[in-house]
Amino acid sequence: MNPEFRMMNLGICLAAMIGLAACCNQPVDKSTHLERDFQSGIDTVPFARMINDIAHVTGTSELHDLIVIKDGKIVYEYYDPAHCPTQKHAMWSASKTFTATAIGFAVQEGLLSVHDKVIKFFSPDELPAEPSDTLQSLTVWHLLTMSSGFAHDVLGDVESLDYATPAKRQLHDSFIFEPGTRFRYNSMNTYLLSAIITKLTKQTVVEYLTPRLFQPLGIADYYWKESSEGYSMGGWGLFIRPEDFSKMGLWMLQRGQWEGHQLLNAAWFDEAMSSQIQQTIGLDLTDEERAHRMATDDWQAGYGYQMWHCTVDAYRLDGAWGQFSIICPEKNAVITLNCLTSNTAKLLKYVWKNVYDHL
């Protein structure tokens, strides 16, 4: 390994463990940190190179952090000067996987099934006076797989608190296809999942996940924005520290196990991380065109429960502008990064070339 990069790695390790957080004037609780192994023998020079190469993606060098886990230990981490380990980062749509995980816990606890009809969770005054057959057929599975068929995604209006009752607004929306027949990304699907958790438990998603996920994983510093009706935003709005984002990926890689405890049934991950729906269904494509898109486009390689398949053997939590926790079973690794780039497709190609291929 290049000595310069080795020294950078060692410096980052030392800083992260004993006080780089001082840049945020906050102490580091060592009990919440994953184990580091900066002498793993992995060639991390290409990892460091990506930090410079990222500038060529869209003319910006805003790679805020990069954490690589191999065999359960952090083997590389980087934070740019403006972002330190204890600083919470906006997860954007990577929040969706956390909401889906809350659904997984609710399934485990017998509170619902993914095949339950959505309208059963909402009161008559939230539903249309005469719900359409399409709305009546809508299930939790359709929300999880982005196949609801809702015509509108009003994320921006919900984020700006323009609607007093966003769930009701969405349940009164029209449909552009029958649920389950196509994939169409819509953050309001996840918002309804968040509402369902609160309807069932009388807790917000973040409150529900705290004893089941956050506390067991040693995630102590987080925040989830709430809507005007008091629900966690669900599809967005979660803020957590980079290392805690990595823990989520590692926990999913371990199929729900943490420090010898099975927190969530492994069968849930068999479902959640499998390709439940293809983004190409319902499109007028030849078999050859469909296969090409699935092999080359990381947004058309399959979709599970609020998470994406990749063109390599990996799955990812995915947030706008490049918030990724990438689960790599073949490599027994997790790659986590937070960025600010509008070209996330090219960003992932750099991740595959500079990081994934070297694990």
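The model is predicted: local features need pLDDT of at least 70, side-chain atom pairs count only at pLDDT 80 or more, and totals for chains, interfaces and linings use all residues. Residues are numbered from 1 along each chain as its sequence is written, and side-chain values use heavy atoms, without hydrogens and water.

**Sheet.** Six strands form an open sheet in the order E2-E1-E11-E10-E9-E8, with antiparallel pairing. Strands (E, at least two residues) and helices (H or I, at least four) are DSSP runs, numbered from the N terminus. Pairing requires at least two DSSP bridges between two strands. E2 and E8 stand at the edges with a single partner strand each, so one side of each has no neighbour in the sheet. E9 and E10 pair over five bridges in the antiparallel sense. Leu-317 lies opposite Ser-325 in E10.

| Strand | Residues |
|---|---|
| E9 | 315-319 |
| E10 | 323-328 |

**Helices.** Helix H2 (residues 45-53) packs on the sheet and touches E1, E2 and E11. Contact means heavy atoms within 4.5 Å. The direction of H2 makes about 160 degrees with that of E1. Axes are lines fitted to C-alpha atoms, for helices over the stretch in contact; angles run from 0 to 180 degrees between N-to-C directions.

H2 also packs with helix H14 (residues 344-354), at about 155 degrees and with axes 9 Å apart. The two are therefore roughly antiparallel (angles over 145 degrees). Pro-46, Phe-47, Arg-49, Met-50 and Asp-53 of H2 make the contact with Tyr-350, Val-351 and Asn-354 of H14.

Notes. Angles under 35 degrees count as roughly parallel, over 145 as roughly antiparallel, 65 to 115 as roughly perpendicular and the rest as oblique.
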